Amino acid sequence: MSLNPVRPWRNIDRRPSRRIMVGNVPVGGGAPISVQTMTNTLTTDVAGTLGQVLAAAEAGADIVRVSTPDEESTRALREIVRGSPVPIVADIHFHYRRAIEAAEAGAACLRINPGNIGSPERVREVVKAARDHGCSMRIGVNAGSLERHLLEQYGEPCPEAMVQSGLDHIKLLQDLDFHEFKISVKASDVFLAAAAYQALAEVTDAPLHLGITEAGGLMTGTVKSAVGLGFLLWMGIGDTIRVSLSADPVEEVRVGYEILKSLGLRHRGVQIISCPSCARQGFDVIKTVEVLEKRLAHIKTPMSLSIIGCVVNGPGEALMTDVGFTGGGAGHGMVYLAGKQSHRMDNDRMVDHIVEQVEAKAAELEAARAAQAQAAE
């Protein structure tokens, strides 16, 4: 639960789920909602793939998934795992040998549909490899690849068919006494995905991996993901998320964090609160925010910054942020620190000054956090 006794209307009661581990990252059981992405390079290009993994990790990714469609890819996976600072999930679709090879290569998790890899004996071999090498699994149900018998039974992809597929796959693992799994029921249709996740949340305590699959490009995919994932997260559903975009994986991570930050579920870096600007603005708000987003990207400390063009809403917004700047006209504005008026600053110097103030506040917060941690030891 995200507890806010002062503003109870901001509380989110998270769905109880059991906890599994993806490498050293806890998923479910009240753990922070983790952010995932997936590389889009050829896995056999170790340098290129590892470069994307490192960039995603720097942007805040907790977990990165890598496709392993063939034996050459699972061989490359070993080196990728060795160089990765975050747990690696191996994406498996059909061939059970790829799953075994990925487990042996050090994958922290296998993304798999047990029903797609053949006989019960093959499922048993994959489970044994996962257990022997400390892998968890993700059952990945997708509306676009439902089993033929379910499509015949239900007529089309629907929430009931997706949940049934998930439960059938769960049973295959539970019958082998394997419980280190999470599950997803993804669709490109926001309504279908949301309904499927809601129904699934009622019938299993497994951690849920959220995603609106094949959401589209950066703009359209961000909107669809924010609507679908935001709705579910607001309901307390979801233990780990991946925003699927036809874009750089780093963008997926950024959007994922922004969704979580908007709901108060995860905090990382500077949250900029800014106005859309209008004729009242005392400086170019849009350009200023664009520059500040780039110049403050290196800050990992959770904190807030308000950039408001005029005094209509500026002082009120600044009351709620760590650092604020409000336009006042005549070529200068007011700097707010910890919600209080501090000093005036000329517009032509404001960007550099704001960056300095944010960096100083971040250092102050980190020092306080370190002192608190030391006192608790």
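Val35 stands opposite Ile241 in E10. These positions belong to a predicted model, in which local features require pLDDT of at least 70 and side-chain atom pairs count only at pLDDT 80 or more, while totals for chains, interfaces and linings use all residues. Residues are numbered from 1 along each chain as its sequence is written, and side-chain values rest on heavy atoms, with hydrogens and water left out.

Strand E3 (residues 34–38) and strand E10 (residues 240–242) run parallel and are joined over 3 bridges. Helices (H or I, at least four residues) and strands (E, at least two) are DSSP runs numbered from the N terminus, and two strands pair if DSSP finds at least two bridges between them. The pair E3 and E10 lies within an open sheet of 8 strands, ordered E8-E7-E6-E5-E4-E3-E10-E9, with parallel pairing. Helix H6 (residues 159–174) lies across strand E7 (136–142) and E8, and runs at about 155° to E7. Here contact means heavy atoms within 4.5 Å; axes are lines fitted to C-alpha atoms, for helices over the stretch in contact, and angles run from 0 to 180 degrees between N-to-C directions.

The domain assignment, an automatic or database one, gives domain 1 (14–263) and domain 2 (270–376). Their centres, taken over C-alpha atoms, are separated by 37 Å. An unreviewed UniProt entry places the feature "domain: IspG TIM-barrel" at residues 18–257; such annotations may be inferred rather than shown by experiment, feature names are shortened, and positions follow the numbering used here. Over residues 18–257 the chain is 46% helix and 18% strand, with the end C-alpha atoms 23 Å apart.

The axes of helix H1 (residues 46–59) and helix H2 (residues 71–83) come within 10 Å and cross at roughly 35°. Val46, Thr49, Leu50, Val53 and Leu54 of H1 meet Ala76, Glu79, Ile80 and Gly83 of H2. These contact residues divide into 6 nonpolar, 2 polar and 1 charged, where Ala, Val, Leu, Ile, Met, Phe, Trp, Tyr, Cys and Pro count as nonpolar, Asp, Glu, Lys and Arg as charged, and the others, Gly among them, as polar. For helix H8 (residues 218–234) and helix H9 (residues 249–262), the axes come within 10 Å and cross at roughly 35°. On the H8 side the contact includes Leu218, Leu229 and Leu233, and on the H9 side Val255, Ile259 and Leu260 are among the residues involved. The contact of H8 with H9 comprises 7 nonpolar, 3 polar and 1 charged residues.

The unreviewed UniProt entry also places the feature "domain: IspG C-terminal" at residues 271–359. Over residues 271–359 the chain is 29% helix and 31% strand, and the end C-alpha atoms are 14 Å apart. An open sheet of mixed pairing is formed by 5 strands in the order E11-E12-E13-E14-E15. Strand E11 (270–274) and strand E15 (340–346) stand at the edges with a single partner strand each, so one side of each is left without a neighbour in the sheet. From one strand to the next, the twist averages 20°. Strand E12 (residues 303–308) runs parallel to strand E13 (residues 323–327), joined by 4 bridges, and Ile308 stands opposite Thr326 in E13. Helix H10 (residues 285–295) packs on this sheet, touching E11 and E12, and its direction makes about 155° with that of E12.
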